[in-house]
Each structure stands twice: as structure tokens, then as C-alpha cells.
Amino acid sequence: MAGSSAAVVAGLTAAALATVGVLAYQASANVPAGLGRPRTEGVATPTVTKAPRDKKHPTALPAGSGSGRRVVYSVDDDRVWLVTGDGKVERTFQVSPGSVDPLPGVYTVTSRSNAAVGTDGTPVEHVVRFATAKGVTIGFSAAVSGSAPELDPSRRTGGIRESREDGKVMWHFATIGERVVVIR
């Protein structure tokens, strides 16, 4: 009796695993375009056009930067917008990027640290990490000294520096799971 029960359990387990495998394949084959994580190193990416800008209001939130609550980061303009759920800009500010930029796409905040040492060796606070590119972790942070990063082209750094005041606001706005939309 014990042998036949084990065979039945093994058969049911195999059938369940096969069903899950089929369902997983069907789900992955039907993912809407743009829903997955952005492609990263070693993978060809499509040409990304720059999000349209309001020429009369250069600090205005660019069109095509998503909807709902989110952080928008323009790698071309070195600017961040903190956008509320109703689409209003709560705050916008300039940043100083590291030497490695994230690819355009939609990310989520994956980790945070109140205090750390940046990839350039500078003590930083209010670290909000959201991406990895070329093996470098990308995130927003504020130098404790208030200084901007000194970029050394021979070092790969992913810290996007903001002022201490902006860093504090970002820290309260961008909690784990918050969307970060990276645009050109």
C-alpha cells in the first residue's frame, strides 16, 4: 500500500509541475510589451527617443513619463521629478550623475540605506537604489558634506547625487517598491 501511495503522490506532483510549467510559459509568451524590466548589459536595446519637453517651461514634467505616483529621472537633463498619484509634481531638482547611467525604462526602488559610503568613497545619506547597469548599482544619494561627485572617467560609479535637502525629500517619497521612470 505504501508503495502505491508514493507512486500516486509522485504522479500528482509531476502533473502539477507540468501544469505550472505550461502556465508559466503561456504567461511569459503573453506579457505586454514594455511590462518587463529594462534590458541590461550585453543585450541590444531599441533606440530610445527623448521624451518631449515643454520648451517654454524647461523644468516641467516631460510628456510620456508615465502616470500615477512615481520618481522620474532624466539622464539627459540630470533632473528628477517627484510625482504624486494625481500626476502633480511635488518637487523637481537637478542632480549630478555618476559615470554609469541606467537604461531608460521603469524600475522600482529595491533597497535603501540611511547612511553608506558611495562608490566614489564619499560618505552619503538617504540612499535610494533602483537599478543595476554594467555591474554597477544605481541610486540616488546625498553627500554628507554636501559636495557634488568628482567624476573620474576611469571609475564606474552609479550614485546620482542630490542636495541634502532634496535627498531628505526623496528619502520620504521613494520607499521600497516605488516606481522610478528613467527617460532620456
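Me: How many helices and strands are there in the chain?
Reply: In this predicted model, the chain has two helices and nine strands.

Me: And what pattern does the chain follow along the sequence?
Reply: The elements come in the pattern α-β-β-β-β-β-β-β-β-α-β.

Me: How many of the residues count as buried?
Reply: The chain has 184 residues, and 34% of them count as buried. The accessible surface of the chain comes to about 10600 Å². Carbon and sulfur atoms account for 58% of that surface.

Me: What about contacts between residues at least 6 apart in sequence?
Reply: Of those contacts, 54% join residues at least 24 apart.

Me: Let us turn to the core. Which residues touch the most other members of the largest nonpolar core?
Reply: They are V71, Y73, V80, F130, F140, M170 and V180, in a core of 24 residues. Two or more residues each come from strand 1 (70-74), strand 2 (79-83), strand 6 (123-133), strand 7 (136-143), helix 2 (164-173) and strand 9 (179-183).

Me: Which strand gives the largest share of this core?
Reply: Strand 6 does, with four residues.

Me: What does V71 touch, leaving out residues up to four places away in sequence?
Reply: On that basis, V71 touches V80, W81 and L82, as well as F140, M170, F173 and A174.

Me: Which residues are included in the second, separate core?
Reply: That core has six residues, among them V72, V83, V181 and I183.

Me: Strand 2 next. How many of its residues are buried?
Reply: Five of its five residues are buried, so strand 2 is mostly covered. R79, W81 and V83 point one way from the strand, while V80 and L82 point the other way.

Me: In what sense do strand 1 and strand 2 pair?
Reply: They pair in the antiparallel sense, over five bridges.

Me: Which residue takes a positive phi in the hairpin of strand 1 and strand 2?
Reply: D78 does, with a phi near 50°. The hairpin has four residues between the strands.

Me: How many bridges join strand 2 to strand 3?
Reply: Five bridges join them, and the two strands run antiparallel. Strand 3 covers residues 89-94, and its residue Q94 stands opposite R79. In the hairpin of strand 2 and strand 3, five residues lie between the strands, and G87 takes a positive phi near 85°.

Me: Changing topic: what is the order of the open sheet of four strands?
Reply: The order is 5-6-7-8, and the pairing is mixed. Strand 5 (111-117) and strand 8 (159-162) are the edge strands, each pairing on one side only. On average, neighbouring strands of this sheet are turned by 30° against each other, direction ignored.

Me: Which elements of the sheet does helix 2 touch?
Reply: Helix 2 packs on the sheet and touches strand 5, strand 6, strand 7 and strand 8. The direction of helix 2 makes about 60° with that of strand 6.

Me: How many bridges are there between strand 5 and strand 6?
Reply: There are six, and the pairing is antiparallel. S111 has R129 in strand 6 as its bridge partner.

Me: Where is E125 found? And is it buried or exposed?
Reply: E125 is found in strand 6. Its relative accessible area is 13%, so E125 is buried, the cut-off being under 20%. Leaving out residues up to four places away in sequence, E125 touches S113, N114, A115, S141, A142, V144 and R164.

Me: Last topic: how many aromatic pairs does the count come to?
Reply: The count comes to three aromatic pairs. Y107 and F130 form an edge-to-face pair, at 5.7 Å centre to centre with 70° between the planes. Y107 lies in strand 4 (residues 105-108) and F130 in strand 6, so this pair ties together parts that are 23 residues apart in sequence.

Me: What kind of pair do F130 and F140 form?
Reply: That pair is stacked, at 5.1 Å centre to centre with 25° between the planes. F130 in strand 6 and F140 in strand 7 are ten residues apart, and both are buried.

Me: Which residues form the aromatic cluster?
Reply: Y73, Y107, F130 and F140 form one aromatic cluster.

Key. Residues numbered from 1 in each chain as written. Predicted model: local features only at pLDDT ≥ 70, side-chain atom pairs only at ≥ 80, totals over all residues. Heavy atoms only, no water. Buried < 20%, exposed > 50% of the residue type's maximum accessible area, 1.4 Å probe, protein only. Contact = heavy atoms within 4.5 Å. Areas by Shrake-Rupley, 256 points an atom, 1.4 Å probe, with all protein chains shown as cover. Core = buried A, V, L, I, M, F, W, Y, C linked by side-chain atoms within 4.5 Å. Pairing = 2+ DSSP bridges. Axes fitted to C-alpha atoms, helices over the stretch in contact; angles between N-to-C directions. Phe/Tyr/Trp six-rings, centres within 6.5 Å; stacked < 30°, edge-to-face > 60°.
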